[in-house]
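Biologist: I have a model open and would like to learn how to read it, one feature at a time. Could you give me the general idea first, then the case at hand?

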Amino acid sequence: MTDPTSPATPRAMPDPMNAPTRRPTTYPINRPAHCPMNGRIARSTICVKLPTTAARALTVAVFAICGLAASPAWAHKPSDAHLRLEADGSMLVGRLDIAVRDLDGALGIDGDGNGEVTWGELSAAAPRIADYAQHRLALAADGAPCAVQLGSAALAELSDGAYWALPVSARCTHEPRSIEIAYSLLFDIDSMHRGLAHVAGQTVILRDARPVRIALGDATSSGSFVKEGVWHIWMGIDHILFLMCLILPAVFQRRTQRWSAADSLRDVCKEVFEIVTAFTLAHSITLVISAVGLVSLPSRAVETAIALSVVAAALNNLLRTIDARWAVAFALGLLHGFGFSSVLIDLGLPSRELIGALLGFNLGVELGQAAIVCALLPVLFWIRRTLAYQALLWAGSGAVAIIATLWSFQRFAA
Amino acid sequence: MLALGAVGLAAALTAAAFVAPGRVAAAAATYVPSDAAQVIATVPMRDPSEVAARRALGEAPERVELAVELARADIERYRVLSDPRYLGRAQATLARWWTLAEPPPEVLLLRATIEQAVHQFPEARADLDRLVRLRPDDAQAHLTRAVVATITADYAAARDSCQATARLASAVVAATCAAPLDAIAGKADDAYRRLAGLLGAARGDPPVRGWALTALAELAYMRGDTDAAQAHLGVALALDPDDVYARNLLADLRMATGHSAEASRMLAGREQIDSHLVRRAIAEHELHGPDAAPLIAAMRERLAAAAERGDRIHLREEARFALAVELDADRAVRLARANWSVQKELADARLLAEAALAAGDREAAAPVLAWARTTGVHDVTLDRFLARLVTR
């Protein structure tokens with residue numbers, strides 16, 4: 001009688017759809033990411049992340065302290081290889097990482113058959129490995145084949161053991177707008193092997209030898225980051241209301257214990273400039289540190305806090321608690337930066353010109369902001385002595401306070 | 001103020017420039033060993049007869065009996081080591097027949113076994129239905145079919161196949177096959193008594209005993225008798241220390257009874273297996289142990305790697321991790337619901353109920369409530385969750 005099948009131990013389930021995974025680059029209106037009326041985005045918990053190399057060093061140190069028993073042995077996972085490619089003019093450069101274990105399965109690296117592959121055995125097999133990879137990797141630029149050259153390999157340590165890291169370079173006929181990859185390593189000995197192509201900020205899953213085309217131009221360019229920034233602030237009702245609440249009273253200043261309409265446009269502009277600059281600096285700082293992942297806050301908390309900041313700004317108008325509204329703009333503006341960064345992360349930060357992308361997005365936000373302020377400020381100054389302005393200031397602030405309070409509850413409870 | 005803000009911004013940008021390249025899709029650092037004798041990787045030892053069989057298969061690829069033997073050997077390695085690469089190898093060995101609608105029966109069984117192991121239950125079931133029609137007296141086919149049908153809550157089909165094993169295999173095998181079905185139907189006590197009696201009387205092969213003892217332990221757990229459950233699993237693990245399922249169940253029991261340190265200890269050194277890693281991470285997290293941080297980091301890395309290659313790995317384990325370690329009840333509920341759509345074992349029901357309770361989302365537990373009502377199952381743990389859910 002044969003062995004009974006042991007009950008299903010949960011195992012990896014291959015994705016039935018043959019779709020490559022991509023980061024979304026759709027416009028804000030299609031995304032629930034930062035709709036102020038909407039609820040939450042699922043994001044990570046509060047943590048402060050170290051730079052990758054430091055984090056790895058720390059992890060290794062922890063393993064050493066805890067002893068060998070604590071360090072997870074090489075993971076038992078399905079077979080993957082990683083192909084990283086970047087376009088550099090008309091050249092493609094990158095690296096192909098193949099698990100040493102898989103190479104032994106394909107080529108028989110373990111010469112003495114003792115179940116261990118030594119560095120000596122591996123080095124001796126280097127030409128065979130290069131030949132194997134060369135015949136199973138084809139690259140093309142917009143359909144025109146590129147000449148693939150493999151460099152001299154080193155080793156890389158991944159979660160499931162040692163990988164053979166082969167430098168890849170390919171000379172193409174022109175600067176590519178798209179790359180075609182025909183990858184056929186290891187499928188004949190392992191049907192669940194996957195080639196993971198990391199190109200242009202995306203990861204494309206290669207599960208058979210069929211060529212896959214990856215468009216390079218899809219990565220958001222610096223210019224469009226600016227546009228995204230402008231678009232985002234115009235769509236961000238909560239950010240706009242916050243700013244409006246702060247600058248609304250600027251044309252109605254306190255002077256000698258009495259509130260009255262301001263006389264000088266120049267003074268008003270100066271105050272508004274201070275407020276806007278304070279807000280800008282604050283949200284720029286937190287946008288930058290949050291977008292690169294130095295600090296990462298749960299989105300529900302951020303969204304709720306932003307709504308509460310709008311309540312605070314509105315109430316401040318009604319209760320006149322703090323006159324130095326630039327300080328309020330700075331302190332609470334820090335929160336708004338976290339809200340912007342989730343959008344930026346969804347767009348996908350490029351590895352090259354990262355600072356350009358950050359500054360571009362930020363610039364877009366500032367331009368959008370400036371456009372709104374410059375459009376509204378003259379109007380406000382013009383109507384400052386009228387009843388309409390009084391209504392706007394008092395009833396408007398009150399209404400905003402109520403709406404923003406509702407938002408706070410919605411976002412908290414979402 | 002302006003100056004301070006500007007300085008702050010400059011500092012933030014500098015920090016970003018330092019951090020970001022590391023964060024954005026970095027390749028692992030490379031190194032070149034200096035010692036030719038340094039061991040780089042451990043690989044399966046080469047069995048000369050297997051090498052010969054592979055060579056023969058290479059020369060005559062139509063020889064299905066060779067392919068079946070080789071694939072069966074790899075599936076057995078998977079069963080012992082829980083290393084999914086062997087499943088991929090087995091599937092590749094059967095590639096010539098894999099996409100056929102009507103492959104040879106031996107291939108059908110192996111294909112169903114591999115499909116079941118990667119949670120492709122509808123496909124496995126289709127293959128097994130076909131196989132039992134072709135070979136009504138194949139005990140293994142019926143057994144595998146019963147297991148898959150039980151997992152997907154098709155209890156009528158499972159009962160049919162269990163009854164077939166009653167006439168084709170030993171009484172212990174038949175009773176173990178039927179035990180979860182009786183338990184889910186609310187007759188855990190009867191099933192326990194019957195199976196315990198049979199195990200006491202008959203010896204049986206160690207693999208069969210181990211499997212039966214695990215089933216017995218699950219029945220005991222359902223009845224709330226955690227001591228008996230742990231005792232049975234202790235015997236099962238003594239018979240086969242590499243029994244992943246039994247070890248996971250015992251660790252779960254230890255954690256449920258407040259002995260997380262015990263659970264962590266019995267999983268130590270076995271973290272290459274994902275289901276062990278997640279449980280050890282949860283246990284160490286509860287204990288605030290020194291190993292918690294690296295274990296949690298390792299688990300996150302595994303989940304990320306699986307997501308990267310498009311696998312929904314261990315939805316059940318991922319949901320538990322989200323619930324117990326990430327403390328993200330909403331995400332746990334989403335994962336538990338996705339898991340429920342794939343498999344409907346008692347453990348999956350408990351998980352969805354617990355996640356729904358933690359998230360305060362009674363609606364999410366509706367499928368489990370319906371399932372419990374329809375089947376009439378009585379499980380101490382599940383009943384507790386459902387009762388609290390209903391009274392909210």
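Biologist: How much of chain B is buried?

Modeller: Buried means under 20% relative accessible area, exposed means over 50%, and partly exposed lies in between, with a 1.4 Å probe and protein chains only. In chain B, 55% of the 392 residues are buried. For chain A, 51% of 414 residues count as buried. Do keep in mind that this is a predicted model, where local features need pLDDT of at least 70, side-chain atom pairs count only at pLDDT 80 or more, and totals for chains, interfaces and linings use all residues. Residues are numbered from 1 along each chain as its sequence is written, chains are lettered from A and ligands numbered from 1 in the order in which they are written, and side-chain values use heavy atoms, with hydrogens and water left out.

Biologist: Which secondary structure elements make up the two chains?

Modeller: Helices (H or I, at least four residues) and strands (E, at least two) are DSSP runs, numbered from the N terminus. Chain B has 22 helices and two strands, while chain A has 11 helices and 15 strands. The C-alpha trace of chain B spans about 85 × 65 × 40 Å along its principal axes.

Biologist: What share of the contacts joins residues at least 24 apart?

Modeller: A contact means heavy atoms within 4.5 Å. Taking contacts between residues at least 6 apart in sequence, 53% in chain B join residues at least 24 apart. In chain A, by that count, the figure is 75%.

Biologist: Now the helix α18(B). Is it mostly covered or mostly exposed?

Modeller: An α-helix has 3.6 residues a turn, so residues three or four places apart point the same way. In α18(B), eight of the 10 residues are buried. Among them are Leu315(B), Phe321(B) and Leu323(B), but also the charged Arg316(B), Glu317(B) and Glu318(B). The buried residues of α18(B) pack against α16, α17, α19 and α20 of chain B.

Biologist: Where is the second largest pocket lined, and by which elements?

Modeller: Rolling a probe the size of a water molecule over the atoms shows where empty space is left. Here a pocket is an open set of points on a 1 Å grid over the protein atoms alone, where a 1.4 Å probe fits, with protein on both sides within 12 Å along at least five of seven lines; lining residues have an atom within 4 Å of a point. The second largest pocket has a volume of about 1,300 Å³. Its lining counts 50 residues, and the closest to the centre are Tyr221(B), Leu249(B), Asp252(B), Ala347(B) and Arg350(B). The elements of chain B that give two or more residues include α8 (139–151), α10 (171–184), α14 (244–256) and α18 (315–324). The largest share, seven residues, comes from α12(B).

Biologist: How many lining residues are nonpolar, polar and charged?

Modeller: Ala, Val, Leu, Ile, Met, Phe, Trp, Tyr, Cys and Pro count as nonpolar, Asp, Glu, Lys and Arg as charged, and the others, Gly among them, as polar. The lining has 29 nonpolar, 10 polar and 11 charged residues.

Biologist: Where is His288(B), a residue with positive phi?

Modeller: Its phi is near 55 degrees, a positive value in a residue other than glycine. His288(B) is found in the loop between α16 and α17 of chain B, and at 69% relative accessibility it counts as exposed.

How values were computed:
Grid points are joined across faces, edges and corners, and a volume is the space filled by probe spheres set on the points.
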